[in-house]
Amino acid sequence: MSHMNPYVYIAFIPLLPLFVFLLLGLFGRRYFKTSSGTTGTISLLVTAALSIYAAYQYFFVSGKTDGVYQKIIAMKYTWLQFSPNVSIDMGIILDPISVMMIVVVSFVSLMVHIFSLGYMKGEERFATYFAFLSLFTFSMLGLVLSSNIFQIYIFWELVGVSSYLLIGFYFEKPSAVAASKKAFIVTRFADLGFLVGILILAFYSGTLDFGVLISRLTSLQSPEFLAITSASFMGASMLTWGLVLVFIGGAGKSAMFPLHVWLPDAMEGPTPVSALIHAATMVVAGVFLVARLFPVFCFDPSALQVVTYTGVFSALIAAVIACTQTDIKRILAFSTMSQIGFMMFALGVSQYGGEQGLGYMASMFHLFTHAFFKSLLFLCAGAVIHLVHSNNMKDMGGLRKIMPVTHISFLIACLAISGIPPFSGFFSKEDILLAAYHSNKLVYAIAVFTSALTAFYMFRLYYAIFWSKGVPSSAAPHGEAAMSMKIPLVILAVCSLLGGFVPIASWVTSDGLPLHTGIDMAFSALPVLLALGGITLATYLYKSENDRPEKIASSLGSFYKLVYHKFYIDEVYLFITKKIIFNCIGAPAAWIDKHIVDGFMNLLASVTEKISYLIKGMQSGKLQNYALYFFCGIVGLAVLFIYITHN
Amino acid sequence: MHPITLTHILFVSTALFFIGMFGLFTRRNMITLLMAVELILNSVNINFVAFNKYLYPGKLDGVFFAIFIITIAAAEAAVAIAIIINLFRSHHSIDVEDASEMKY
């Protein structure tokens, strides 16, 4: 580019939170004891403003060339040069998905920051909390802007670390420590797949740069494409292996079955953190990763099948489990898993470009709308927990009179997630269902059922919190919530209400060309009616206190118990790790370590000791002995030299 | 009268060397040890001068070496006596057997 790069300021979008993290992390507890919240929030405000300006500049001013949105490399530095062709770069890529993501991430993070000002007030580690939030935001912004597959991996791990720090924020609680360890280990385990996938893709394509990698692996004639598709391992081509392994990394972060076990436990963190993890950062990273490599995925139908079925299966079981839980944050966690499943299978059923690319657009659209209503749901839950001091919905009920703002916001979010027009979730979910309908009828059927189930369990939650019982007698002593907690709720409620009218379809598509979508009344009728049916059922069962839910639960008997215990997946993991891995692999390995490895070392040490014990008498401290040894040595050498020179 | 040959002189120097060696191994007094070392050095000096005279009569290399060794022996005596004085200050003795702490 000859002219001045107009996107240099993008670098400040991730760097500003990094700077705040360093500032608050190093000096927060001493100098910013009370002002750390405002510091973090103001910097995030600047970041969000820059992101929105970047989106404006990209989508309306200079992103398009000949009507197609381009991939723009805003910045690029070579960081590690391995060979003339292979290097790890640190760069910033701007394309529709990354621009959309920086807006979503910084906006939701800003809302979470503002909410946390009230929610975390008076915490001992207030400054540390905001430092970690900034780190989390920085990692996620860096992740979405990465121009290099290794760079994305670095930020990917940073996201993992910051989620670990935030989930385990209340580290004096053993359950929080266990949850943070679980989240870290499960996602780390999945990241192993990601790393191997990166190595496979990078090995065959000969580059780590996204643009070059995608162009090489998507042209049918290129030698790299021929090499990766002709090499095969265990019946699948290396392309499939690479993509599936990358997807495993994504599935770990996005809590897809069977790697979802960390997500419900991650609720141990402060509630605003859950909003951040679930709406904008962390869990959507996996969806983003698949979307980033989507042009390559399109060339491998089997990898896309894996994505589709993992997504739709996760969506279904999460929705089923959510119907039986009683911890409000866990219900929301399972609903996240279900919605992420929607985004995943939408990608899976999509093709590249044109009308066939509807699924890709729908997935990104759902990611966009989901960020608003899910963060709203979590922040409302946070406000409720702040008031009730309990996570269990049995301790709640009748709160609509006490907290009207939270009540209305929560209702809007519930309607949005249930897909009721004209709330935002309706539009994105319709697009997903339409894409599934055109591609795979089985997936479509499961998805429609799941979305009805979504409406049911969300309204079960809604009624349990705000209706059910009468107004609690011990009415809140300190009112609904602080102003800083109400403002984000209202802003996010407006976004959840109107988010569906944002023309994502004309901005974020797989090929950069605008896509024309319209709402087909006849097609939308079925999902909407089913969702309304779900809501009606929830109203019938949960609006006022009655014994109907118990009767249904007991009539379902063992199935209810199975679902209530989350299909015993945690127990299966525990069985596999504790009984099989610990006993069959861990114990023998420990034995080998203890007896063979340590034994060898002990043997070396004891032999050395014996020898030195034998010869230590030579060092007697007597000068004349030393002189004698010296003399003997000289005589020996003399004899040796005479012997050598005479032969 | 027989002329004095190189062998005679080497006999003297070898005898001197082993007398010094014997003194070095058997005596306990540090001063005596120092004297024994001087004997050894002087036996070497005799060798240098004798080889120079009998094998390379036109040169002075061996003589110069002897002069160097005498110089070094003087310096060495100074250092050794300093050590002995310090040893006496700390151990109230100049017997090498009494100064055997530096061991395993």
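Student: Is the crossing of helix 19 of chain A and helix 21 of chain A left-handed or right-handed?
Tutor: Please note that this is a predicted model, in which local features need pLDDT of at least 70 and side-chain atom pairs count only at pLDDT 80 or more, while totals for chains, interfaces and linings use all residues. Residues are numbered from 1 along each chain as its sequence is written, and chains are lettered from A and ligands numbered from 1 in the order in which they are written. A crossing is left-handed if the near helix is turned anticlockwise from the far one by less than a right angle, and right-handed if clockwise. For helix 19 and helix 21 of chain A, the crossing is right-handed.

Student: Is helix 19 of chain A roughly parallel or roughly antiparallel to helix 21 of chain A?
Tutor: Helix 19 (residues 441-466) and helix 21 (residues 521-542) of chain A pack at about 30°, their axes 8 Å apart. Angles, which run from 0 to 180 degrees between N-to-C directions of lines fitted to C-alpha atoms, count as roughly parallel under 35 degrees, roughly antiparallel over 145, roughly perpendicular from 65 to 115, and otherwise oblique. Therefore helix 19 of chain A is, relative to helix 21 of chain A, roughly parallel.

Student: How many nonpolar residues has the contact of helix 19 with helix 21 of chain A?
Tutor: Residues are in contact if their C-beta atoms, placed from the backbone, lie within 7 Å. Among those that meet are Val448(A) and Phe456(A) in helix 19 of chain A, and Leu530(A) and Gly534(A) in helix 21 of chain A. Ala, Val, Leu, Ile, Met, Phe, Trp, Tyr, Cys and Pro count as nonpolar, Asp, Glu, Lys and Arg as charged, and the others, Gly among them, as polar. The contact has one charged residue, four polar and, as nonpolar residues, 16.

Student: Is Ala255(A) buried or exposed?
Tutor: Ala255(A) lies in the loop between helix 9 (238-253) and helix 10 (262-265) of chain A, and has a positive phi of about 55° although it is not a glycine. A residue is buried with 20 or more other C-beta atoms within 10 Å of its own, exposed with 12 or fewer, and partly exposed in between. Because Ala255(A) has 30 C-beta neighbours inside 10 Å, it counts as buried.

Student: Is His92(B) buried or exposed?
Tutor: His92(B) is in the segment after helix 3 (61-91) of chain B, and its phi, near 55°, is positive. With 8 other C-beta atoms within 10 Å, His92(B) is exposed.

Technical notes. Helix = DSSP H or I, 4+ residues; strand = E, 2+ residues; numbered from the N terminus. Contact = placed C-beta atoms within 7 Å.
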